[in-house]
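Please open the structure in your viewer and have the selection tool ready.

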Amino acid sequence: VSARPEPLSFPTEAPSPGPELHLVTFALDREEFAIPIGQVREVIRVAEITRVPQARAHVRGVTNLRGRILAVIEIRSRMGLLPAEITPKSRVVVVGVGDRTLGILVDAVSQVVKVPATTVSPAPEEVLSPGAGYITGVARWNSRLIMLLDLEKMLLLPE
Amino acid sequence: MATDENAFGELIQDYIIECLPLAEQVGDAFIELERRWREGDAGDDLLVSLKGRLHTVKGNSAMMGLPPMQTVAHALEDVCAFLDAEPAMRGEEAGALLVRGSGLLIDLIRTAAEGADPKPAGRFVRRVRTFLARGRKIKAPSKRPQLLLERRRGERRSSEAEARPTEGSSGVVRVDFRRLDAMLEVLGEGMIEQAAVAELYRGLARKTRATDELVDLDRAIIALQKTMKRLEGILMETRLIPISSVFGRFPRLVRDLAQAKQKRVHVVTSGGDIPLDKAILDRIAEPLVHLLTNAVIHGIEGPQERARAGKPAEGRLDLRVSTESGRVIIRLTDDGRGLDDSRILAKAQSLGFDLPSMDPDQLRSLIFLPGFTTADRVSSLAGRGVGLDVVANTVHELGGTIEVESRPGQGVTFTLSLPLTLAILRSLIVEVDRERYAVPISHVAATVRTEPNTIQEMNEKGVALWRGDLIQVSDGGTLLGTGAGPNASRRFYVVISMGSRRRGILVDRLIGHQDIVVKSLDPMVGRPEVVSGTTILGDGKVACILDAVRILEQRMSA
């Protein structure tokens with residue numbers, strides 16, 4: 001067994017120490033957040049978002065996603081931030097939550113990353129404002145601080 | 001294995017599709033016969049007309065290996081043949097037996113896919129035997145029924161031919177309705193794309209001088225629009241089925257309910273051949289059943305009470321369907337005691353409604369509100385936890401309206417107005433504070449250009465004189481919450497109407513008429529009162545569809 005050649009590996013990548021989280025990260029007010037890549041269907045540029053009168057709180061409006069109507073959630077206001085200003089960097093992350101497809105409006109999408117699970121620690125008390133139970137943890141990785149979001153907790157509010 | 005099961009499942013579905021309507025027709029005819037016999041009419045014509053149908057049901061049941069259905073159909077045939085020969089035996093008992101048997105047959109066929117329980121069929125056949133035996137004892141033994149039983153084998157071919165005259169050569173195919181839904185969806189996409197092309201053309205035409213190519217393009221777009229319109233028409237027609245397909249079970253339902261309540265009620269239907277989109281029909285059946293049930297249980301009085309009121313002992317339910325300006329109108333009228341106005345008044349008072357400002361019709365329409373029930377006790381027949389509010393909700397979701405009219409001591413009329421089809425809605429596109437909205441044409445009574453002083457203030461509400469009447473005119477921006485002040489000067493108002501209700505809405509621009517494809521609103525967005533759905537306009541942007549019905553029902557001060 002020991003005579004076997006080592007499996008090929010890319011020398012630039014540090015040997016993976018264990019399980020990894022595959023995440024999509026995005027920015028809100030210069031802070032970095034992430035959701036599991038499995039929940040992300042696609043990331044689109046912001047087309048016109050139509051406001052819906054008397055919509056629920058934190059609903060930015062609806063937009064046309066290739067002939068389907070996509071609800072766009074203003075997660076900034078859900079997190080207690082001011083509503084987003086649409087800039088050329090703004091994106092709608094199309095996510096699957098439960099059996100729904102929704103869009104979440106973010107300031108910018110940075111990248112897809114693989115983060116070792118060991119870098120994740122529970123969110124410190126001070127970042128948890130009341131009702132912020134949707135932050136499930138914080139990854140300290142490559143001198144970045146990435147907050148992990150639980151979309152179900154965040155978006156599927158009781159009607 | 002699985003494919004075998006599927007094939008069998010399909011066969012069973014075919015069996016149900018073919019036999020259920022036949023059994024229902026037979027059942028309706030028996031109910032009519034029961035009534036006629038009570039009135040002393042022999043009903044010979046009806047009795048004869050049933051033979052072919054029963055025979056087809058029997059034959060198909062035998063072919064599918066469904067003995068309970070086969071024996072029940074057979075027993076009913078025997079009873080018919082016997083009664084045909086022995087008019088003296090026609091009457092209440094025979095009628096009840098036939099109605100019961102056809103009810104059993106309908107139930108058995110409806111649940112054929114689940115595997116029928118043969119026990120009730122056996123019980124019914126025993127009842128038939130007793131009836132036939134008693135009949136023969138009373139009259140001198142007659143040869144004819146015996147004869148019929150023997151003759152049946154030879155008779156088979158001819159009545160089979162009569163029952164399905166053109167199968168195989170009729171050019172009719174059976175299509176899964178989901179395919180029609182899919183076609184409609186694709187058509188909708190095509191219409192949006194076509195609107196997008198037209199929009200691009202207009203942009204191009206503004207920038208460039210008119211060239212031959214541009215003129216040709218314009219012609220091509222107009223031709224495409226016409227073709228799409230025709231395609232839409234054909235597809236819509238394909239989706240239509242006669243409304244009688246849901247009426248089929250009503251006479252039986254009413255009869256059974258009435259019997260359980262020791263009442264007698266006769267259902268008269270008309271306009272059953274009027275077609276409606278299947279998607280609407282599927283959803284309107286239950287509300288109609290609810291209204292019928294209410295009428296039988298709460299509306300129509302018992303025979304004694306009716307006698308005291310000088311009414312015939314038998315109550316009457318009229319179910320009339322008609323078409324009016326592109327909509328289907330369903331009117332359900334009973335000749336019962338009418339709504340209990342005093343109880344409605346008391347209930348409205350206890351809920352804190354502003355009674356002096358309401359006329360009797362407005363007061364009566366409160367019965368459609370959730371939690372507004374005036375029945376004292378829950379009846380096991382009427383009260384299945386479904387109220388008139390659910391009926392009204394379903395009707396509204398379908399883009400329809402419901403109104404009630406009550407004549408104390410004389411009866412109640414419910415009037416439902418429904419669109420012929422759901423998916424494509426002719427709309428007026430308007431603009432309010434740079435947002436565009438679609439207003440269904442069916443609820444647009446007029447568009448009016450505002451002049452200075454058109455809108456007057458009265459009780460802090462805007463009003464305008466329109467066709468001789470003062471109507472409330474609300475600011476579109478306020479209604480839709482655009483944030484603009486209520487004093488924005490707008491150039492038009494749109495008069496929306498439903499029945500006798502009217503209301504003006506001030507808008508900035510009238511953009512034009514367009515056929516829009518309705519897309520429902522994700523519940524995640526909420527349940528706005530002023531918006532019923534969304535649509536995609538020619539430029540690809542989403543616009544909300546105004547819910548004219550709910551806006552008319554609101555008593556907002558805006």
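Helix axes are lines fitted to C-alpha atoms over the stretch in contact, and angles run from 0 to 180 degrees between N-to-C directions. The model on display is a predicted one.

**First selection: two helices of chain B**

Select residues 250-260 of chain B, which form helix 11, and then residues 278-299 of chain B, which form helix 12. These two helices pack at an angle of about 30°, and their axes lie 10 Å apart. Their crossing is right-handed.

Next, display the side chains at this contact. Helix 11 of chain B contributes B:Phe250, B:Leu253, B:Val254, B:Leu257 and B:Ala258. Among the contact residues of helix 12 of chain B are B:Leu288, B:Leu292 and B:Thr293. In kind, the residues of this contact comprise 11 nonpolar, 1 polar and no charged.

Now show both chains. Here 24 residues of chain B are in contact with 23 residues of chain A. The two chains bury about 1900 Å² between them, with 60% of it on carbon and sulfur atoms. Select B:Met524, B:Val525 and B:Val542: these residues of chain B lose the most area to chain A, together 38% of what that side buries.

Which side chain meets that of B:Glu435 in a salt bridge? It is the side chain of A:Arg51, at 2.7 Å, N to O. Across the interface of chain B and chain A there are 3 salt bridges.

Finally, colour the elements of chain B that each supply at least two residues of the side touching chain A, including strand 9 (435-440) and helix 17 (476-480). The residues of that side divide into 14 nonpolar, 5 polar and 5 charged.

Conventions. Residues are numbered from 1 along each chain as its sequence is written. Chains are lettered from A and ligands numbered from 1 in the order in which they are written. This is a predicted model: local features need pLDDT of at least 70, side-chain atom pairs count only at pLDDT 80 or more; totals for chains, interfaces and linings use all residues. Side-chain values use heavy atoms; hydrogens and water are left out. Helices (H or I, at least four residues) and strands (E, at least two) are DSSP runs, numbered from the N terminus. A crossing is left-handed if the near helix is turned anticlockwise from the far one by less than a right angle, and right-handed if clockwise. Contact means heavy atoms within 4.5 Å. Ala, Val, Leu, Ile, Met, Phe, Trp, Tyr, Cys and Pro count as nonpolar, Asp, Glu, Lys and Arg as charged, and the others, Gly among them, as polar. Buried area is the accessible area (1.4 Å probe) that two parts lose on being put together, summed over both. A salt bridge is a side-chain nitrogen of Lys or Arg within 4 Å of a carboxyl oxygen of Asp or Glu.
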